[in-house]
Amino acid sequence: MKAALVNLLRLPAGADSLQDSDWNAIIPQARKTLLLGTLLAELEAAGLREHVPGEVWRHLYSGWAVHRKQRHALGYELRKLGAALAEAGERLVLLKGAAYFRADLPPATGRLISDIDILVRPGKLGEVESALARHGWSPGDIDAYNERYYRQWMHEIPPLGHSRRHSTLDVHHTILPPTSDAHIDAGALWEAAVEVAPGVWTLAPVDMVLHSAAHLFHEGEFGHGLRDLVDLDKLLRHFVAHDGEAFYAALAERAVAMGLQRPLFYALRYTRRVLGTPVPESFATSLMPESPSPVGRRTMDFLFYRAFTPDHASCRLPLTDAALFGLYVRSHYLRMPLGLLIPHLVRKAWMGIFPPADSSTGEDGDAQKAGG
Amino acid sequence: MSVWRLAGPVRFYDRGEGPVVCYAIDSGDTHLINPLASRLLGALASAAEATMAEPQLLATLSAGSPGEALSLSELQSLLSDLAAADLVLVA
Amino acid sequence: MSAAATVAALGAADLRRCLNRGGLRFQVGPYVYAVTSPLPVVARGLELLYAGHPLAPAESFVDFNIALRPAGPWQRLARRINFYLDDDAPFERIAASDAYAFLEWGMNWCLSVAMHEYLKLHAAVVARDGVAMVLPGLPGAGKSTLCAALALRGWQVLSDEHALIPPGTCQVVPVNRPVSLKNASIEVIRAFEPASVFGPVTRDTHKGRVAHLKSDLAPGSHDPTPIRVGVMLFPGYEPGAALSLTERSRAESFIFAAHHSFNFSVLGEAGFEAMAHYVDGVDCFDLRYSDLDEAVAALDTLVSGGFGA
């Protein structure tokens, strides 16, 4: 049984038979999964605006308005970022949402981003950090333990905030942490990058899809699971429309080279089942040797279906909290050697019970939250 | 001496009262500026090739207010303030 | 427009039944709020302060689905509750004794952070004789106290928190809810008008004591028709100050309003245009006052066109 939002994304024409009670499920689902703007764009493109009551439409519009502002602000932010990186002699290579925006790819339509992700060569990390600091970006308040976690075990410098503009920047030196199974060649990703606008680069199409798949299945936080699956669905449809079935062959080859067959297998399994992405049967079976046993697959289905269902009472599947926690443990296992895993989890749980005292509920903090 | 241009497109809310609202479209920043600053930005906005050198700016701004000559150092100080606010930059 | 049944028509038992299950659904201007809560103080407060609000039908689309309840059995024992919007708890837990203030604050928050079909200013809005007055203000400038006083002297209260301006107009949309007052202001207003109706007083919040004044006394308080704005007023309470009403430039008023807007920045250039259109249509003033009666009289005169430019 699919969430009402998922049904509507698959078949926008269904909007003309929805009741107020249906919208009472769909709007909160879309808000939680940051898909309000995306849904507005789908319904508008399908010519269905008149079928949506005005009181419902204004919620979709609210998401769209924030998207529009983010897209506009990103342009300005990238100019500043480009200038800082140029000082460090490094290209501006965008990942995820910011990449979709700047390259004008289908996932960008209506999408809400949370921060800007860039890829930097490992050898340049120090220079880049210094240049960014000179231009106003800093890690802010972060305790030494979390800082070490970010630097050593994750693939990120701690997120940087701009002191004046309040944008958030995640600087990556590879697309998965070095401790995981895969053998990502960050240099190869870099070499294959494409220039989508003067001085602005993104990963090559196959790498963008693989990154999206890898990010989805290795990350611990699934709050945006459905949105990320929607991204993947749109990327696949777009690149296949452009490059034909040859795209799948290139994708498979790159996945094997980087050891990312498992994430890719799951990616295609779930985009097809949840969103109906037309992945050819032959491609899925060619990756079969890498898939887990039927029992393993059923376990994964249990875990992942819950991650892709919006976390709202109207559609929450039973045992969701346990499933999400299971995924959090799993993603950390993929990142860290087991010996270090337990102390880290214990500390994170402690911090969950006694959150930092300065959690902001003032107007500025709420405005940031509202931005989505 | 430097040649200047606008950092990006701007819009003004000016009702002839003195202070003027200046909205920088790219950054979304909104400023309250004095009439002189407003005339300076307006001059840059309508300049040929969108740039003006300091002597040119000095002449244009002084012409607008006879009897109140603007000194070069005052102009440079104003330009420096506007640059800090990301409204102008050296071309 | 047919007269909708109001919350008062439900009766105490049905009101509590709705609050316990399914949610009490009522209209605030163009929006429908649904509130679910097992807490007696919430039932008392809503029964008293929202008696005049139109009910929304059980199956209607809900804009803000709110719940105020303990997160689980441990929290219930510890008398701590959470505010939920669409099943999400965006804030830290608070003491159950703070519940009513938290509810009203949370209802404000919903409208502050979501919805961008209007240019939204952080301001009180009142109206008299078909002309609205917007009062943007820093906390502590006395705008809520002044708003409460005006409500008790025949003015219509459109909101004590949000000025909702349809872009391209110089109008505001009514979203009447109780006026929130803190500490000494509560006594000031009780003294100003002994017949004033207050909801539950919440003590020991981080702001001190908070109480809410029923503010829909004027007929047509729940008529959703937008009202033209004539005046934007920046109030400043100063103990002992003589009353003074001085004009303020439009440009300065623009900037102040933009700084006190919830979404001027989000709306981008469209926000700039909407603000320009709005400010062009209003006369802007600073008000210094120490005596409420004097202030009310001055504003009565201002809006009826008695103020010489």
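I started with Thr38(A), which sits in helix H3 (residues 36-45) of chain A; helices here are DSSP runs of H or I with at least four residues, strands are E runs of at least two, and both are numbered from the N terminus. I am working on a predicted model, where local features need pLDDT of at least 70 and side-chain atom pairs count only at pLDDT 80 or more, while totals for chains, interfaces and linings use all residues. Residues are numbered from 1 along each chain as its sequence is written, chains are lettered from A and ligands numbered from 1 in the order in which they are written, and side-chain values use heavy atoms, with hydrogens and water left out.

Is Thr38(A) buried or exposed? I get a relative accessible area of 3%, so Thr38(A) is buried (buried is under 20% relative accessible area, exposed over 50%, partly exposed in between, with a 1.4 Å probe and protein chains only). Leaving out residues up to four places away in sequence, I find Thr38(A) touching Thr109(A), Gly110(A), Arg111(A), Val230(A) and Lys234(A); contact means heavy atoms within 4.5 Å.

Next I looked up Pro263(A), in helix H12 (residues 261-275) of chain A. Pro263(A) is buried too, at 6% relative accessibility.

Then I went to helix H6 (residues 184-192) of chain C, where Ser185(C), Ile186(C), Ile189(C) and Phe192(C) are buried. They cover an arc of only 130 degrees around the axis, so they sit on the same side of H6(C); the arc is that of the directions from the helix axis to the C-beta atoms. I noted Ala184(C) and Ala191(C) as exposed on the other side of H6(C). What do the buried residues of H6(C) pack against? I find helix H5 (143-151), strand S11 (179-182), strand S13 (208-213) and helix H9 (292-303) of chain C.

Last, chain B: I get three helices and six strands, running β-β-β-β-α-β-α-α-β from the N terminus. Its radius of gyration is 12 Å, close to the 12 Å from the globule rule for 91 residues, so chain B is as compact as a globular protein of that length (taken over C-alpha atoms; the rule is 2.2 Å times the number of residues to the power 0.38). The C-alpha trace of chain B spans about 35 × 30 × 25 Å along its principal axes. I find 40% of the 91 residues in chain B buried.
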